[in-house]
Amino acid sequence: WQLDNENGCHDTVRCYCPSCQKAFRIWLKTHYESIDALNEAWGTVFWSQRYRNFEEVELPNLMVTTPNPSQLLDYYRFISNQVHSFNQLQVEILREHSPSRFITHNFMGGFFDFDHFTLAQDLDFATWDSYPLGHTLWFLGLTDVTENYLRRGHPDLAAFHHDLYRGVGKGRFWIMEQQAGPVNWASYNLIPAPGTVRLWTLEAIAHGAEVVSYFRWRQVPFAQGQMHSGLLCSDSTPGSGFYEVHKVAEELAKIDLPTTGKSLVALIFDYEAAWVFEIQPHGKDVSYAHLVFQFYSALRQLGLDVDVLPPGVSLKDYQLVVVPTMPIVGKKALDNLRNFTGIVVFGPRTGSKTETFQIPLNLPPGPLQELLPLKVTQVESLPPQMEKVIWRGREYAVGIWKELVETELEPEMTFTDGSGAAFRHKNYYYFAFWPNDIFLVDFFTRIAKEAGLNPNQLPQGVRLRRRGDLNFAFNFSAQVAKIPVSSK
């Protein structure tokens with residue numbers, strides 16, 4: 001069973017109807033118990049927002065100016081819980097009336113309006129809908145995409161979601177909808193380059209997909225879907241994607257696919273962090289998704305396999321843990337980070353908010369000061385490449401975000417004015433700036449070696465993925481490339 005279809009598509013998660021308003025008040029009363037506790041948590045003394053009872057709380061929309069960020073975060077938590085409850089209700093019905101059959105849901109790429117890790121707790125595995133060309137144009141924008149990627153997709157975009165949904169699905173995922181030709185919803189709907197549907201299929205399998213299913217089998221000649229291609233044309237004659245999929249089927253018949261093993265690098269992905277950044281970006285170019293993608297892409301450019309995990313899970317057996325940012329550091333996440341003996345890299349804004357969306361009393365990084373003895377005293381958002389970071393004699397143009405830090409630690413990196421840009425204490429790194437792609441590749445080349453890994457910078461557009469003892473190589477560029485192959 002597949003429950004529903006792409007929960008949240010077309011902005012359908014965040015609802016502001018009377019029923020949701022009533023349910024939100026009940027949720028708040030259960031969570032805070034007293035209206036005084038809510039007022040304290042939300043800081044309603046500011047701008048005369050104080051409430052006398054829960055019935056006075058309205059949904060955070062159609063306001064004159066920005067809503068209270070604490071209220072907005074609670075609303076996003078509430079809405080995420082509503083989606084989970086809706087899914088859970090369907091699961092319970094099917095478990096009773098259709099036992100022994102798998103239950104899944106097809107998630108979307110680049111969509112963070114609810115916590116997928118939480119919802120998937122009730123599923124047998126996760127699936128997602130992979131449209132590499134449409135997602136590349138939508139996520140990165142035409143000006144940031146090379147000509148090679150317009151017909152093949154960015155080499156890390158589908159891969160990131162494969163790794164994310166493998167984590168969401170507790171180690172198991174399918175592709176429920178794989179792009180098979182031009183789609184009908186992107187800003188530009190290009191025909192994939194020859195061989196690309198085969199590449200996408202094998203890439204998904206290399207990342208652990210158990211099934212790759214295509215959308216669609218036959219192009220429908222009517223209604224809203226008539227411009228969305230399929231493996232067959234609308235007259236049932238085979239399209240180019242059909243022959244590529246046929247070739248993959250022949251190739252897989254000759255391969256004994258091993259199980260997907262655990263990677264040695266973990267990247268922590270936090271849906272709540274995405275909401276924090278959305279609610280209070282504090283700058284034009286501040287995007288949680290883009291920050292995470294920069295870290296992930298740098299690791300992939302070094303040929304490293306990555307597991308994408310939620311906060312608070314065990315980090316046992318990993319050698320390198322990357323936290324692009326985690327504004328709200330929960331107790332379980334802190335405990336696991338404290339007990340981890342490998343290298344941990346924290347990006348900016350980590351520990352910058354409390355659970356109720358306030359600045360920590362001891363200043364950021366809040367509870368992480370137990371691991372990193374430093375305080376962020378001030379922050380600023382910057383235009384791109386306005387600042388420079390100096391590391392090991394090289395300057396890197398950076399921008400978007402910068403933090404001023406007080407600490408007795410000697411900085412590992414500095415800004416041009418000599419102030420600290422990055423710090424290390426024992427096995428923990430902290431970036432007080434928004435890193436760029438070139439810096440991250442250089443940094444992780446060195447740190448991955450220290451962590452006992454074997455990074456090798458790959459030619460542009462080339463990526464590796466290991467599945468058991470099999471090594472897969474994928475070339476998203478139009479040029480022939482030679483690659484190093486390692487066992488890690």
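Visitor: Why is R465 called buried in this model?

Guide: The model is a predicted one. R465 has a relative accessible area of 2%, and buried means under 20%, so R465 is classed as buried.

Visitor: What makes D305 and R465 a salt bridge?

Guide: The closest N and O atoms of D305 and R465 are 3.4 Å apart. The criterion asks for a side-chain nitrogen of Lys or Arg within 4 Å of a carboxyl oxygen of Asp or Glu, and the pair therefore qualifies. D305 is located in the loop between α11 and β6 (306-309), and R465 in strand β14 (residues 462-467), so the bridge ties together parts that are 160 residues apart in sequence. D305 also counts as buried, at 12% relative accessibility.

Visitor: Which residues are joined with D305 and R465 into one network?

Guide: Through salt bridges that share partners, D163, R166, D307 and R466 are joined with D305 and R465.

Visitor: How do you know that R300 forms a salt bridge with D156?

Guide: Their closest N and O atoms are 3.2 Å apart, and the cut-off is 4 Å, so the contact counts as a salt bridge. R300 is in helix α11 (residues 288-301), whereas D156 is in the loop between α6 (147-150) and α7, 144 residues apart. R300 is buried at 2% relative accessible area, and D156 is buried at 0%.

Visitor: What makes E203 a partner of R300?

Guide: The closest N and O atoms of E203 and R300 are 3.9 Å apart, which is within 4 Å and therefore meets the criterion. E203, in helix α8 (residues 196-206), and R300, in helix α11, are 97 residues apart. With a relative accessibility of 1%, E203 counts as buried. By this rule the structure has 24 salt bridges.

Visitor: How do you know that the span of α7 agrees with its number of residues?

Guide: At 1.5 Å a residue, the 12 residues of α7 (residues 157-168) should span 16 Å, and the end C-alpha atoms are 17 Å apart, which agrees. Just after α7, K170 takes a positive phi of about 55°.

Visitor: Why is W47 called exposed?

Guide: W47 has a relative accessible area of 55%, and exposed means over 50%, so W47 is classed as exposed. W47 lies in the loop between α2 (35-42) and α3 (69-97). Together with V45 and F46, W47 forms a nonpolar surface patch with about 410 Å² of accessible area.

Methods: Residues are numbered from 1 along each chain as its sequence is written. This is a predicted model: local features need pLDDT of at least 70, side-chain atom pairs count only at pLDDT 80 or more; totals for chains, interfaces and linings use all residues. Side-chain values use heavy atoms; hydrogens and water are left out. Helices (H or I, at least four residues) and strands (E, at least two) are DSSP runs, numbered from the N terminus. The expected span of a helix is 1.5 Å times one less than its number of residues. Patches are made of residues with over 30% relative accessible area and no salt bridge: like charges are joined within 9 Å, nonpolar side chains (Val, Leu, Ile, Met, Phe, Trp, Tyr) within 5 Å. Accessible areas come from the Shrake-Rupley method with a 1.4 Å probe; for residues, only the protein chains shown count as cover. Buried means under 20% relative accessible area, exposed over 50%, partly exposed in between (1.4 Å probe, protein chains only).
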